[in-house]
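Colleague: I have a model open and would like to go through it with you. Could you take my questions as they come?

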Amino acid sequence: MPSRSQKTSSQLKHNPDKTLRVLLVNGDPKVRGEVNKVVLDQPIALTCAASLDDARSELANNKMDLALIDLEQPDGQGLDLAAELAGSNTSTQSIMIGSKTSFDNGLLNIPTSATDFICKPFDSRELALRITQAKLRVESQHQQHRKVKRLKRVCRKLNRVRKDVAQQVDILCQDLVTAYHELAVQMNQVMVTSEFAGLIHEELDLEQFLRKALEFLLQKVGPTNAAIFLPSSGDEYSLGGYVNYDCSSDSADILLEGLADVLVPRIANHDQLLHLTDRQDMIRWLDGEAEFMADSHMIGFTCRDEQESLAVVVLFRDGTEPFNASVVELCESIAPMCSEYLAKLIRIHHRHIVDDGPDSAWDE
């Protein structure tokens with residue numbers, strides 16, 4: 001009698017996907033022969049083990065669909081192996097084989113550790129029927145297992161799709177928020193420019209235009225110091241209009257003179273709107289003479305016609321009340337309109353200069 005497990009090679013010619021893998025745990029050659037006759041010419045791969053140790057080794061190394069386990073083993077009880085199979089993660093079915101006396105003694109334990117049982121001596125047709133029933137249970141388990149695997153794959157795929165969709169929705173929402181913000185900014189700019197255009201519509205007096213422009217800025221920006229500087233001669237600028245918010249008269253005169261001498265000419269030569277919020281930037285733009293505005297925040301922009309500076313607008317106030325982005329957007333919106341309107345006023349007055357002669361004050 002062989003001590004190690006044996007495999008009937010004639011049964012391995014079937015399609016492995018359709019083959020029922022059966023482990024017979026029994027060392028009796030007569031029982032093995034009877035079982036082998038039953039499985040012959042069927043899609044069944046029969047492996048034989050002479051002891052529980054051999055069976056455990058075979059189960060550890062190979063997957064089995066069905067174990068035919070004799071109750072009496074040379075190294076223990078077959079019920080122990082059936083219990084191990086029932087408590088494991090494997091889907092191995094088990095059928096207990098034993099004498100009627102053995103089953104009478106251990107019948108109460110069998111339902112908890114085996115799926116079926118058959119008495120010796122057994123009828124070949126009965127054994128074939130039990131194996132067929134076990135095969136149906138195995139196929140049902142395999143089918144259920146395939147369904148579970150398929151469902152898991154579908155769930156993983158759906159989860160990936162859900163994540164992709166969620167990510168796309170997040171991106172879309174961010175794009176919508178950005179687009180809404182940009183649209184709101186554009187609509188606000190349209191409203192502001194329309195309101196400003198209506199305010200200065202057909203205004204032909206320069207002083208009135210400067211006054212209305214400053215009033216409009218203060219209405220939108222809130223309390224602040226605001227000044228408009230006009231070119232006088234060469235690179236020099238003089239004050240065209242001023243609103244004093246928080247400066248004394250004496251300090252305002254010194255501050256405006258300093259701006260006109262140092263900062264305004266530099267803003268006039270700067271293409272972009274200037275927004276200073278840092279003390280060091282203020283010092284750099286004022287050539288180191290920034291004490292009179294050291295703690296202020298400032299916005300400055302130029303109104304120009306082509307390359308010629310027509311006016312420089314400066315807003316400034318204490319750094320504890322900084323200008324926000326909306327103020328910057330406001331100044332960027334009305335700067336082109338101020339430029340256009342100042343150019344219009346100059347063209348109108350230049351036409352008068354031609355009519356009035358070379359002695360006119362606008363001849364400069």
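Colleague: Which residues does A260 touch, not counting residues up to four places away in sequence?

Modeller: Bear in mind that this is a predicted model. With residues up to four places away in sequence left out, A260 touches F229, Y237 and P265.

Colleague: And is A260 buried or exposed?

Modeller: A260 counts as buried, because its relative accessibility is 12% and the cut-off for buried is under 20%.

Colleague: Which helix is it in, and where is the kink in that helix centred?

Modeller: A260 is found in helix α8, and α8 has a kink of about 45° that is centred on A260.

Colleague: How far is A260 from V312 in space?

Modeller: The C-alpha atoms of A260 and V312 are 9.6 Å apart, while in sequence the two residues are 52 residues apart.

Colleague: Which other residues of α8 are buried, and what do they pack against?

Modeller: The buried residues of α8 include A252, L255, L256, L259, V262, L263 and I267, along with A260 itself. The buried residues of this helix pack against the strands β9, β10, β11, β12 and β13, and also against α9, which covers residues 279-285.

Colleague: Let's turn to the sheet, then. In what order do the five strands come?

Modeller: The five strands form an open sheet in the order β10-β9-β13-β12-β11, and their pairing is antiparallel. The edges are taken by β10 (237-243) and β11 (274-276), each of which has a single partner strand, so one side of each is left without a neighbour in the sheet. On average, neighbouring strands of this sheet are turned by 15° against each other, with direction ignored.

Colleague: How many bridges are there between β9 and β10?

Modeller: Strand β9, residues 225-231, pairs with β10 over six bridges in the antiparallel sense, and one of the residues concerned is L230, whose bridge partner in β10 is S238.

Colleague: Changing topic, how many salt bridges does the count come to?

Modeller: The count comes to eleven salt bridges. Among them is the one between R211 and E215, at 2.9 Å from N to O.

Colleague: Why can R211 and E215 point the same way?

Modeller: R211 and E215 are four residues apart in helix α7 (residues 206-221), so about one helical turn separates them.

Colleague: What about E139 and K135, how far apart are they in their helix?

Modeller: E139 and K135 are four residues apart in helix α6 (residues 124-199), about one turn of the helix, and their side chains meet in a salt bridge of 2.3 Å, N to O. E139 counts as partly exposed at 36% relative accessibility.

Colleague: Last one: which residues are linked in a network of salt bridges?

Modeller: D53, R56 and E84 are linked in such a network. Within it, the side chains of R56 and D53 meet at 3.8 Å, N to O, and these two residues are three residues apart in helix α2 (residues 52-61), about one helical turn. R56 is partly exposed, with a relative accessible area of 29%.

Notes:
Residues are numbered from 1 along each chain as its sequence is written. This is a predicted model: local features need pLDDT of at least 70, side-chain atom pairs count only at pLDDT 80 or more; totals for chains, interfaces and linings use all residues. Side-chain values use heavy atoms; hydrogens and water are left out. A salt bridge is a side-chain nitrogen of Lys or Arg within 4 Å of a carboxyl oxygen of Asp or Glu. Buried means under 20% relative accessible area, exposed over 50%, partly exposed in between (1.4 Å probe, protein chains only). Two strands pair if DSSP finds at least two bridges between them. Axes are lines fitted to C-alpha atoms, for helices over the stretch in contact, and angles run from 0 to 180 degrees between N-to-C directions. The bend at a residue is the angle between axes fitted to the seven residues ending there and the seven starting there. Contact means heavy atoms within 4.5 Å.
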